[in-house]
Amino acid sequence: LDPNTSASSVLDWTCTCDAPGVGAATAHAATCVCNECDNAVNNDTCTGANQTCIDVDQSCPGMNDWICECPPPSVGIQTAGPVVGCEFNECDDHGSTCTAKGQICDDPDLTVTGDWECKCKPPATGTAKNRPALCLLDECLVMGCPTCANGTCPTGQTCEDPNP
């Protein structure tokens, strides 16, 4: 577009990007930006799922590459739509609660918050949600006397652990 076509007016022409591009320049080609997340439908698709819309390549040839991204500390991305299940391993934050007691942290469902567990290391047994477990060890089953180990006491004997 040349706003002044007079012969004495030079270098006043402009290039303006065609929609959906945004940008303009005088006397040279414009750098066009096409942020697909500026499109309300795309943006609402992500924000409606409590996610962030990101246009990976905002050049105008780079269309249909927008993504929805889960909010930190969760992880997950989906092109052109919301992430079905944002994942976060709660043991990344709470694992030390378990390991400080010699236990194992387990997050059974990475898409659910508040379900991490501390589990006792075998041969002990026990599990607790969101806190260290009470670990029990029945010595008759795992460490008993040589003739009573694994609950196989000789006839006439019984192995009993008073504090399993």
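This is a predicted model: local features need pLDDT of at least 70, side-chain atom pairs count only at pLDDT 80 or more; totals for chains, interfaces and linings use all residues.
Colleague: What makes strand 4 and strand 5 a pair?

Modeller: Pairing requires at least two bridges between the strands. Strand 4 (residues 66-69) and strand 5 are joined by three bridges, so they count as paired. The two run antiparallel.

Colleague: Why are strand 3 and strand 5 called edge strands?

Modeller: The open sheet has three strands in the order 3-4-5, with antiparallel pairing. Strand 3 (52-55) and strand 5 (77-79) each have a single partner strand, so one side of each lacks a neighbour in the sheet. From one strand to the next, the twist averages 30 degrees.

Colleague: What packs on the sheet?

Modeller: Helix 1 (residues 40-47) does, touching strand 3 and strand 4. The direction of helix 1 makes about 20 degrees with that of strand 4.

Colleague: Why is Ala27 called partly exposed?

Modeller: Its relative accessible area is 27%. Buried means under 20% and exposed means over 50%, so Ala27 falls in between. Ala80, with 44%, is therefore partly exposed too.

Colleague: Which residues does a cis peptide bond with omega of about 5 degrees join?

Modeller: Pro72 and Pro73. Pro73 belongs to the loop between strand 4 and strand 5. Another cis peptide bond joins Pro122 and Pro123, with omega about 15 degrees.

Notes: Residues are numbered from 1 along each chain as its sequence is written. Side-chain values use heavy atoms; hydrogens and water are left out. Helices (H or I, at least four residues) and strands (E, at least two) are DSSP runs, numbered from the N terminus. Axes are lines fitted to C-alpha atoms, for helices over the stretch in contact, and angles run from 0 to 180 degrees between N-to-C directions. Contact means heavy atoms within 4.5 Å. Buried means under 20% relative accessible area, exposed over 50%, partly exposed in between (1.4 Å probe, protein chains only).
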